[in-house]
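Here is a short report on one protein chain. Keep the structure open while you read. The headings mark the topics.

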Amino acid sequence: MNLDFSIILAQWPRFLWGLGYDLYFAFAGFAIGCVVGFISYLGSASRSKLTRAISYVYVQIVRGLPMYLLLLWVYFGLATKFGLALTGPQSIIIAIAIMSSAFASEIFRTGYNSIDVGQIEAGKALGLSDYRINRTILFPQVVRVVIPPLLNVFVICFKASTYAAVIAVPELIYAAQDISLNQYRPFEAYISVAVLLIATMLVLSLLVKMIETRLKESQGA
């Protein structure tokens, strides 16, 4: 087998643009997912049984759905059922947001449950309102607990963003598919994609490790 990477080198800017799209989709979907996930957590912590039940069912359903199916449901299902003309980028961002929100909800729940109940009781004894207890006592501690696992969710979102190729969004995998079909160089195209994805994943994983180490050091100080 004669490998020829000259075609890949000529298309390199296209690969970098595709990688940039994947990172953008991952970040946008992750950010929205964190907001939705926090709202879902608030629902699970509600005094209303109905609200808790809705939040629980939502998380369980979303966690059980494959990303591939979720993306197809958003892109084709919403357009068919509700007449929403979503673009490919909008669809992948919404799908990532839905997927990550379920993980974020559970992470926020675990973070709040890790806080000693005595701190809440102490805040109430000092006459603080529930809002001030959450803002000044609970939330700063919860943030330190949830940041590392949330960053790991972002890594998952980045990998999920490559599913955008299914709906013809010009991201990294789609670029490789196009070169494979039109230039008849599948091996070189997919090797290049693998190298870019692995390198990016390693960088993201190192950043997560660095942040985790910093947080542990600050907690021990």
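## Overall build

From the N terminus on, the elements run α-α-α-α-α-α-α-α-α. That comes to nine helices and zero strands. The model is predicted.

Along its principal axes, the C-alpha trace spans about 75 × 50 × 20 Å. The chain has 221 residues, and 38% of them are buried. Take the contacts between residues at least 6 apart in sequence: 77% of these join residues at least 24 apart.

## Helix H5 against helix H7

Helix H5 covers residues 88–113, and helix H7 covers residues 130–160. Their axes come within 9 Å and cross at roughly 140°. Angles over 145 degrees would count as roughly antiparallel. H5 and H7 are therefore oblique to each other. Their crossing is right-handed.

Which residues of H5 and H7 make the contact? H5 supplies Ile92, Ile96, Met99, Ser100, Phe103, Ala104, Ile107, Phe108, Gly111 and Tyr112. H7 supplies Asn134, Leu138, Phe139, Val142, Val145, Val146, Pro149, Leu150, Val153, Ile156, Cys157 and Ala160. By class, this contact has 19 nonpolar residues, three polar ones and no charged ones.

## Helix H2 against helix H8

H2 spans residues 12–44, and H8 spans 172–183. The axes of H2 and H8 come within 7 Å. They cross at roughly 150°.

On the H2 side, the contact is made by Arg14, Phe15, Gly18, Leu19 and Asp22. On the H8 side, it is made by Leu172, Ala175, Ala176, Asp178 and Ile179. How many residues of each class does the contact of H2 with H8 have? There are six nonpolar, one polar and three charged residues.

## Aromatic pairs

The structure holds ten aromatic pairs. A pair of aromatic rings is described by the distance of the centres and the angle of the planes. One of the pairs joins phenylalanine 30 and phenylalanine 154. Their ring centres are 5.6 Å apart, with 70° between the planes. This pair is edge-to-face. Phenylalanine 30 lies in helix H2 and phenylalanine 154 in helix H7, so the pair ties together parts that are 124 residues apart in sequence. Phenylalanine 30 and phenylalanine 154 are both buried.

Tyrosine 41 and tyrosine 112 form another pair. Their ring centres are 4.8 Å apart and their planes lie at 10°, so this pair is stacked. Tyrosine 41 belongs to helix H2 and tyrosine 112 to helix H5, so parts 71 residues apart in sequence are tied together. Tyrosine 41 has a relative accessible area of 9% and is buried. Tyrosine 112, at 11% relative accessibility, also counts as buried. Ring pairs link Tyr41 and Tyr112 with Phe38 and Phe108 into a cluster. Phe108 and Tyr112 also take part in the contact of H5 with H7.

## Two residues of helix H7

Phenylalanine 139 is in helix H7. Is this residue buried or partly exposed? At 38% relative accessibility, phenylalanine 139 counts as partly exposed. Leave aside its neighbours within four places in sequence, and phenylalanine 139 is in contact with Tyr112 and Asn134. Phenylalanine 139 and serine 46 are 93 residues apart in sequence. Their C-alpha atoms are 17 Å apart in space.

Arginine 144 also lies in helix H7. Its relative accessible area is 37%, so arginine 144 is partly exposed. From arginine 144 to lysine 159 is 15 residues in sequence. In space, the two are 25 Å apart, C-alpha to C-alpha.

## The loop between H7 and H8

Where is alanine 168? Its place is in the loop between H7 and helix H8. Alanine 168 has a positive phi of about 65°, although it is not a glycine. With a relative accessible area of 47%, alanine 168 is partly exposed.

How values were computed
Residues numbered from 1 in each chain as written. Predicted model: local features only at pLDDT ≥ 70, side-chain atom pairs only at ≥ 80, totals over all residues. Heavy atoms only, no water. Axes fitted to C-alpha atoms, helices over the stretch in contact; angles between N-to-C directions. Helix = DSSP H or I, 4+ residues; strand = E, 2+ residues; numbered from the N terminus. Parallel < 35°, antiparallel > 145°, perpendicular 65-115°, else oblique. Left-handed = near helix turned anticlockwise from the far one by under 90°. Contact = heavy atoms within 4.5 Å. Nonpolar A, V, L, I, M, F, W, Y, C, P; charged D, E, K, R; others polar. Phe/Tyr/Trp six-rings, centres within 6.5 Å; stacked < 30°, edge-to-face > 60°. Buried < 20%, exposed > 50% of the residue type's maximum accessible area, 1.4 Å probe, protein only.
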